[in-house]
Structures are given as C-alpha cells and as structure tokens.
Amino acid sequence: MSEHAGETPLGTPRTWVEFDDPGQEGQRLRCDLTWLTSRWTCIFGQGCCGIDADHPDNGCCTLGAHLTDDDDVERVRAVATRLGEDEWQLHPGSTRLTAWTEREDGARKTKVVDGGCIFLNRPGFPAGAGCALHQHAVLEGVPPHTVKPDVCWQLPIRRTYRTVELPDETSYLEVSIGEYDRRGWGPGGHDLDWYCSGSPDAHVAADPVYVTERDGLVELMGAPAYAALVEHCEAHLALVDAVRAPSGRTSPQGRALLPLLVHPATLAADAKG
C-alpha cells in the first residue's frame, strides 16, 4: 500500500494505447486506458478529505489556481465580472485583475483567502459550498471547463507533450493523456495529506472517466481523437470483462493481470463494495 493511508501505489503497471491523431497530421495520441476506464469521480462534499488536513472542506482548492496563459486569465475574468455576491462568497468588491489574482514566483494565480482559493464558497454559504465558477456554469447550463482555470477543470487528467524522433529522421508530436497523480504537483505532491485519484473512496462512479469527463477530453484532444479513444476504451473494457470471466483456464492467471488492466483504486473500491 501507499504511504498515504487508503491510497493505492503510484507505480502500479498500466495499459496504454497509441494511435495517430485523426484530426491533426503529424500528431500521435498516447492514452492511459487503465486510468481513463477507471471509476474515479470528484467527491467534493461527499467524502473528499481535501489535500490539506487543516482545511478538509476545501478539496483541492487550497493552493489557488495557477493561470496558464492570457486566454486562461481572460476566460476566468469574463466570468468573474458576471458573479454577484449572491454567487461568490469572497467577492472582493471589484473584478479588476489584482482583486482576485496574485503573483507567486512570478506566475499569476488566483488569490488564497483564509486557506483557500478566493473563488471557493465555504460551507454554510446560501448558494452552497464549492467553486463559484463551477456553480455558475451549472446554473448557466454550460460545461464547467468553459469558465474555470485550465488547471482546475483538467484535474485529475494530465496532458503532456513530447517530440518523438524516429530512426528515419522524421518526428511527430506525442500528446499523452493520463492521470494527474501526486507526482503531477511536483515534489510537493507527496506532502499532500490526501489525494483523490489514488483513493478507492473516489472510484465510485457509475461510468468510467472517459465518459464522465467527455467534455474536458474533447477540449484536450479534439473530437476526432476522442471518438477514436472511445473505441479503444470500449475494447479495453471488453477485454477486462473477458479476463474477469470465471470460466476456463483464463481465470486464475487472468485475475493476476487485473492491476495492469484496471486502476488499482477502482479494484479496491470494487472489493469494498
């Protein structure tokens, strides 16, 4: 087991799939099927322990959100101007950029107020606890990723890029889609008091990640690539079902292979259920 109580090990084997991006020439997708077919879901307010034990109600909104670029800033700024005090508990009285952002090591991020992001509504607030931006998206009937900082709506999905050089002196851009586990936070990620992606408590969704996180995945990889991903995920789940089948000679050996096919936290959640 992990050194973090209740969390599964980070080094468990995974099943990845690689395929050419049907929507972008010279680009290839590399996707973690073990993660994308897991049953993870956000359990904020429903058992989430928070990354900081001193602020368990804050979920992962303790540190504030680092804004990736000008587009990220402008998207959040546009929503902030539409939020009233009835939606935003910690409304600073102004929506100028310096009212809700601050600098950390030269990078711009949302301000931290009393141990949490300035957009985080606390328990007891009439509009409900949680991200004011997310709640506004729900009220407006728009996908949350269209109003929240990039780092917030992507978590815990991680997209990375790598240029792959081939022996024939050609190359392609590899786009990896996988799990944003503790290591994604940098060295400090190992100091988080709790983290959801490896906790069986958060692997309780009725549908797998590639279904529940559809809107965000389409934004990250494009609609044609997402359609191809769905085919691979469905084939992977069919394989899992076949390996789990309690018949013939595949059962004893097959069950030993499940950690490669099924996210360990999803397996642990199934065992608890």
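Q: What makes Tyr-195 count as buried in this predicted model?
A: The relative accessible area of Tyr-195 is 3%, and buried means under 20%, so Tyr-195 is buried.

Q: What makes the pair of Trp-185 and Tyr-195 edge-to-face?
A: The ring centres of Trp-185 and Tyr-195 lie 6.0 Å apart, where pairing asks for centres within 6.5 Å; their planes stand at 85 degrees, and since planes over 60 degrees apart count as edge-to-face, the pair is given that name. Both residues lie in the loop between β10 and α6 (209-212), so the pair ties together parts that are 10 residues apart in sequence.

Q: Why is the pair of Trp-88 and Phe-119 called stacked?
A: The planes of the two rings are at 20 degrees and their centres 4.6 Å apart, and planes under 30 degrees apart count as stacked, so the name applies to Trp-88 and Phe-119.

Q: How do you know that the charged end of Arg-30 sits over the ring of Trp-16?
A: The charged end of Arg-30 is 3.9 Å from the centre of that ring, where the cut-off is within 6 Å of the centre and within 35 degrees of the ring normal. Likewise, Arg-158 lies over the face of Tyr-180, at 5.0 Å from the ring centre.

Conventions. Residues are numbered from 1 along each chain as its sequence is written. This is a predicted model: local features need pLDDT of at least 70, side-chain atom pairs count only at pLDDT 80 or more; totals for chains, interfaces and linings use all residues. Side-chain values use heavy atoms; hydrogens and water are left out. Helices (H or I, at least four residues) and strands (E, at least two) are DSSP runs, numbered from the N terminus. Buried means under 20% relative accessible area, exposed over 50%, partly exposed in between (1.4 Å probe, protein chains only).
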